[in-house]
Amino acid sequence: MDGITNLWAFMAAGLLLNLTPGPDTFYILGRSTAQGSRVGLLSALGIGLGSVGHTLLAAFGLSALLAASAMAFLAVKLLARAICCTWV
């Protein structure tokens, strides 16, 4: 297995993708407008944490593992559902 050859390019692309406006930006704007700045800030923090977590997991190879193993994909789906359902 090769080492990380393009870490800085990967980090720059992840940062650029997180800074460009998209549906998450409109979600934050909508929540802020409808429910106030505190809710908007919490929405932004949640999206930011999710983006950082997603980028870290991709950097550590979770995407490749999930593409190669159906059982790993199922395990991550079930784990995510269990975590999500406990917060609701």
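1. In this note, a residue is buried when its relative accessible area is under 20%, exposed when it is over 50%, and partly exposed in between, with a 1.4 Å probe and protein chains only. By that scale Leu42 is partly exposed, because its relative accessible area is 47%. Leu42 belongs to helix 3. Its C-alpha atom is separated by 9.6 Å from that of Arg31, eleven residues away along the chain.

2. Basis of the note. The structure is a predicted model, in which local features need pLDDT of at least 70 and side-chain atom pairs count only at pLDDT 80 or more, while totals for chains, interfaces and linings use all residues. Residues are numbered from 1 along each chain as its sequence is written, and side-chain values use heavy atoms, with hydrogens and water left out.

3. Overall architecture. The chain has five helices and zero strands; helices (H or I, at least four residues) and strands (E, at least two) are DSSP runs, numbered from the N terminus. Along the sequence the pattern reads α-α-α-α-α. The chain is more spread out than a compact globule, because its radius of gyration is 16 Å, well over the 12 Å that the globule rule gives for 88 residues. That radius is taken over C-alpha atoms, and the rule is 2.2 Å times the number of residues to the power 0.38. The C-alpha atoms fill a box of roughly 50 × 35 × 15 Å along the principal axes.

4. Surface and burial. Of the 88 residues of the chain, 8% count as buried. The chain exposes about 7,300 Å², and carbon and sulfur atoms supply 74% of that area. Accessible areas come from the Shrake-Rupley method with a 1.4 Å probe; for residues, only the protein chains shown count as cover.

5. Nonpolar patch. Ile4, Leu7, Trp8, Phe10 and Met11 make a nonpolar surface patch of about 560 Å². Patches consist of residues with over 30% relative accessible area and no salt bridge, with like charges joined within 9 Å and nonpolar side chains (Val, Leu, Ile, Met, Phe, Trp, Tyr) within 5 Å. A salt bridge is a side-chain nitrogen of Lys or Arg within 4 Å of a carboxyl oxygen of Asp or Glu. Leu7, one of the patch residues, is found in helix 1 (residues 7-19). Leu7 counts as partly exposed because its relative accessible area is 34%.

6. Helix 2. The 13 residues of helix 2 (residues 23-35) should span 18 Å at 1.5 Å a residue, and its end C-alpha atoms are 18 Å apart, which agrees. The expected span is 1.5 Å times one less than the number of residues. Gly36 follows helix 2 and has a positive phi, near 105°.

7. Helix 3. At 1.5 Å a residue, the 23 residues of helix 3 should span 33 Å; its end C-alpha atoms are 32 Å apart, which agrees. Within the helix, Val39, Gly40, Ser43 and Ser51 are buried. Helix 1 and helix 2 are among the elements that cover the buried residues of helix 3.

8. Ser43. Is Ser43 buried or exposed? Ser43 is buried, because its relative accessible area is 8%. Its place is in helix 3 (residues 37-59). Not counting residues up to four places away in sequence, Ser43 touches Tyr27, Ile28 and Arg31; contact means heavy atoms within 4.5 Å.

9. Beyond residues up to four places away in sequence, Thr55 touches Phe10 and Asn18. Thr55 and Ser43 are twelve residues apart in sequence and 18 Å apart in space, C-alpha to C-alpha. Gly53, another residue found in helix 3, is partly exposed, with a relative accessible area of 27%. The C-alpha atoms of Gly53 and Ala80, 27 residues apart along the chain, are separated by 13 Å.

10. Helix 4. Which residues does Leu66 touch, not counting residues up to four places away in sequence? They are Ala72, Phe73 and Val76. Leu66 lies in helix 4 (residues 62-68). Leu66 and Gly14 are 52 residues apart in sequence, and their C-alpha atoms are 19 Å apart in space.
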